[in-house]
Amino acid sequence: MKNKQIDSKNLMFQMYRLMNRIRFFERAAYELYMEGELPGFMHISIGQEATAVGACSALQKEDFMGSTHRGHGDTIAKGVEIGAAMSELFGKRTGACKAKGGSMHISDFSKGILGANGIVAAGVPIATGAALSMKMQKKDHVVLCFFGDGAFASGPVHECLNVSSLWKLPIIYIRQNNQYAESTPKKEYMGVPDIVQWAQSYGMPARRVDGNDVLDVYENVLKAAKFAREGNGPTFIESETYRWYGHNIGDPGLGRPKEEVEQWKKRDPIPKFRKYILDNAIASEEELLQIEKEEENGIQEAIQQAQNAQYPGLNEALENVYSDETLGSMAIRGVR
Amino acid sequence: MSQKETLYREAIRDAQREELIKNPKVFLIGEDLRDPWGGTYNATQNLSTEFGNERVLNTPIAEETIIGSALGAALTGLHPVAELMYFDFVMRAMDAVVNQVAKVRYMSGGQVKVPLTIRTQGGGGKSSAAQHGNSLESWICHVPGIFVVSPSTPYDAKGLLKTAIRMEDPVFFIEHKMLYMTKGMVPDGEYTIPLGKGDIKKKGSDITIIANSRMVLFSIEAAQKLESEGISAEVVDPRSLVPLDEELLFESVHKTHHLVVVNEGVERCGWGAEIVALVQKKCFDDLDAPVERVCARNVPLPFQPDLEKYVLPSVDDIVLAVKQSLGKDN
């Protein structure tokens, strides 16, 4: 862990808390899914917490963030309530999206969360548009745009790097490089090995960070956010990390060398940060245990809350299609 | 209210101009919108000059980013009017239109409103061949979460576009390249036309013809020809395809007992098929004959002008369909 000068103990605590929150949340989600409690598709980001937390912690409350299908960590880091997120996974009426979205679509616009997105690379133009909007409205807010390593091979990312550079938009693009596009390793899908150099060719600063080092991510995003806020335009950050599990729950992650997985597990971002906090006497063992306990309990409460909540009424499937209720009800009627 | 003769493309331009004046949140985004080009069919002429480049954005040729970024802007406080230069180009932005724009409100459990208008123009008639002459309204109508409008006259175009820009739901606004130079009377002052309200473009009693966009003009022409042969056809223009003014259509069929559906897209699985299915269910007892359809033939649009005409619906095709429905085709 790099020796960074971050003076705020509260910030450290909050980041450690969020990393634990995400880890406990996803562990629980994984188990509940395996027990058949949760429907749908689920993509777990365990191992990538430092990128989500480091990046979102560098934002201000009014800043925006767009995420991906693997969005539990990103959205929790940006402030979605775990009760609402867990209820969404259960498909309950109290879910963040009233059970219409599920794991791949968690959003909370009141927290600046533009949404997780089930289509790889599709969130990038939306985040870019939010940055355009901030600039046009002369607002001071920036946008954090997460996407996966696989998305970088997809057209819209390159369209957006071009326009955001052209228009000097206040946005930070973070490639969460967890080394695999679903099951395909980068050597099988990337023709240009040096991503940072490639991104620089769009005329924006680009840097590689240790995606398992929450402080490295934090400091680089903070710098990029300041750069964007001052009207200098976008930054590209390549965050090297690893997902411990397969693409989705149910994918055993075959094809990934066992040693590789083990190697990365040794670089677990949470104990790494824990050690840093203790080594630098930022907090005591007891204080950290307290945070861990609180977060573990918090997840149990969220699960309870979700389990006790009601499912939506069937008629609710027909709500929220359009905001204009009169025209909307005309538009959704059919002969059935 | 005084009125003046106006081109369809001027009506489109004027609607955008008035909304740019009225609401500072409105802005235009698309390819080649700025002067002196002013839009490929001049539907944004003089707007960048009047409102500045900050409100009229020229983009790279990147349709997914045009629509996706317009959505991002709509979700964060602005009211974009995004232009896809040709309807055919929607394919480059289909994920943004279908998976993002149309669904974000629903998937978020109603957290957001989406004040976004997408303008485009489609249709054949200019020998533009198979990649610049598609009529894809059926594709968009198939997507829940977005309204679909396809006006046939300058009056309707202006009134409906102003409404669309003011709405807080996404509206897909389909113009037609062969309509831009058509003329019609448009009031000088402020007016709007609501979605979901059709218009009888010609009254009649023997048969109903329902058509959209340019096909309304063809249907009126067919109805005029038929009049000289003693057949009175009523032309119904739904103006918005989603939502559809079903009552107006059903009332007309109830009166005439015969129906011809005309749309320019290819026949198979088209918008016309939807109308036929609806009418056979809701007006079964009213019908004295099978519903006739006049659509493009099920082939890509050919380049050569005679072949193009042969593939597209024509006035004569509509006349023939009417006679077949009425049993007067021999």
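**Exercise 1.** Determine which residue of E4(A) Phe147(A) stands opposite, and how many bridges join strand E3 to strand E4 of chain A.

*Solution.* Phe147(A) faces Arg175(A) in E4(A). Strands are DSSP runs (E, at least two residues; helices are H or I, at least four), numbered from the N terminus. Strand E3 of chain A covers residues 143–148 and strand E4 residues 171–177; the two run parallel and are joined by six bridges. Two strands pair if DSSP finds at least two bridges between them.

The model is predicted: local features need pLDDT of at least 70 and side-chain atom pairs count only at pLDDT 80 or more, while totals for chains, interfaces and linings use all residues. Residues are numbered from 1 along each chain as its sequence is written, with chains lettered from A and ligands numbered from 1 in the order in which they are written.

**Exercise 2.** State what strand order the open sheet of chain A has and which strands are its edge strands.

*Solution.* The six strands follow the order E2-E1-E3-E4-E8-E7, with parallel pairing. Strand E2 (113–115) and strand E7 (206–210) each pair on one side only, and are the edge strands.

**Exercise 3.** Identify which elements of chain A give two or more residues to the side that touches chain B, and which gives the largest share.

*Solution.* Residues are in contact if their C-beta atoms, placed from the backbone, lie within 7 Å. The contact takes 40 residues from chain A and 43 residues from chain B. On the side of chain A, the elements are E2, H5, helix H6 (155–167) and helix H12 (325–332). H5(A) provides the largest share, ten residues.

Note on methods: Two residues are in contact if their C-beta atoms, placed from the backbone, lie within 7 Å.
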